[in-house]
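Below are some notes for a colleague who is opening this structure for the first time. Please keep the sequence and the model side by side while reading the numbered points.

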Amino acid sequence: MSGPLVKICGVKDAATAIDAARAGADFLGFVFFRKSPRFVTPEAAEEIILDLKQAAFDEGFAMPRLVGLFVDAGEKELSEAAPLLTHFQFHGHESPERCSELGLEFGVEVIKAIPVTGKGDVSDASDYEEAADIILFDAKPPPGAGQPGGNGVSFDWTLLSAYEGETPYIVAGGLTPENVGEAVKGQKSREAFLGVDVSSGVESAPGKKDDALVKAFISASKG
Ligand SMILES: O=C(O)c1ccccc1N[C@@H]1O[C@H](COP(=O)(O)O)[C@@H](O)[C@H]1O
């Protein structure tokens, strides 16, 4: 593995997108889930992406892949955002069949989130072995959480030794610039390990990304 890929999720403004891409982010995530403090409309995401593409062209940095995060979204919601995106990231009850269908219908790759608290949860990923392009292992939300992710909660990453699939996987949930090095160290010998994802661990307040934390996270992830 040449080094983990890094996804910065919950981008809400062009400055954050440009700074993260300039610092080497491989994926940027836009949250199209209304209850999230990181929610953006497709129109707002489009403006951000236009500015990002212009900066990438002017400065010569690589364009990150563009991920739309959805929770049990309907066709209309997906179709409004799909033309902007390279990936759909699903955090709801999307079945393997639905993931396959939507990936084909909209011509995007699919990332399926698998919530983990115990060892048994990791094997849930096998249902998505064919249907998802990437598995995202995330912590199960705590009781009473208003949303299925983005809660800053970690799980025991050593549980991922039970993953036997070949679909590449990303580790998420409660990662920060301080702990991401440890998370990467534990996974980097695994062939299917693709990278790490963060949202709340690089924020100064819910929904407010902190440029210094984003840079520190990318640098700690990539070593
Ligand atoms: O970020 C959100 O607001 C969000 C909302 C609904 C589902 C998932 C969400 N975020 C994803 O959750 C994980 C972990 O986030 P955190 O680093 O613990 O805050 C990550 O994949 C985000 O993309």
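1. Strands here, like helices, are DSSP runs numbered from the N terminus, with at least two residues (E) for a strand and at least four (H or I) for a helix, and two strands pair if DSSP finds at least two bridges between them. Within this pair, Ile-111 has Ile-134 of strand 6 as its bridge partner.

2. Two remarks on the source apply throughout. The model is predicted, with local features requiring pLDDT of at least 70 and side-chain atom pairs counting only at pLDDT 80 or more, while totals for chains, interfaces and linings use all residues. Residues are numbered from 1 along each chain as its sequence is written.

3. Strand 5 is also joined to strand 4 (residues 87-90), again in parallel, by four bridges, and there Phe-90 has Lys-112 of strand 5 as its bridge partner. Six of the eight residues of strand 5 are buried, where buried means that 20 or more other C-beta atoms, placed from the backbone, lie within 10 Å of a residue's own, exposed means 12 or fewer, and partly exposed lies in between.

4. Taken as a whole, eight strands close into a barrel with parallel pairing, in the order 1-2-3-4-5-6-7-8. From one strand to the next the twist averages 25°, with axes being lines fitted to C-alpha atoms (for helices over the stretch in contact) and angles running from 0 to 180 degrees between N-to-C directions. Helix 7 (residues 211-222) packs on the sheet, where it touches strand 1 (5-9) and strand 8 (193-198), and its direction makes about 155° with that of strand 1.

5. Which residues have the most contacts inside the largest nonpolar core? They are Ile-8, Leu-28, Ile-135, Leu-136, Phe-137 and Val-196, in a core of 67 residues; such a core is a set of buried Ala, Val, Leu, Ile, Met, Phe, Trp, Tyr and Cys residues joined through C-beta atoms within 7 Å. Not counting residues up to four places away in sequence, Leu-136 touches residues including Gln-89, Ile-111, Ile-170 and Asp-197, contact meaning C-beta atoms, placed from the backbone, within 7 Å.

6. Around the ligand there are 28 residues, the closest being Cys-9, Ser-36, Gly-149, Gly-150 and Ser-200; a residue is near a molecule if its C-beta atom, placed from the backbone, lies within 6 Å of it. At least two residues of this shell come from each of strand 2 (27-31), strand 6 and strand 8.

7. On the helices, Leu-52 is found in helix 2 and is buried because 23 other C-beta atoms lie within 10 Å. Leu-52 touches Ala-14, Ala-17, Ile-18 and Ala-21, leaving aside residues up to four places away in sequence, and its C-alpha atom is 6.5 Å from that of Ala-17, although the two residues are 35 apart in sequence. By contrast, Leu-104 of helix 4 (residues 96-106) is exposed, since 10 other C-beta atoms lie within 10 Å.

8. One backbone detail deserves a check: Asp-72 has a positive phi of about 50° although it is not a glycine. Most residues other than glycine have a negative phi. Asp-72 is found in the loop between strand 3 (65-70) and helix 3 (75-81), and counts as partly exposed because it has 13 C-beta neighbours inside 10 Å.
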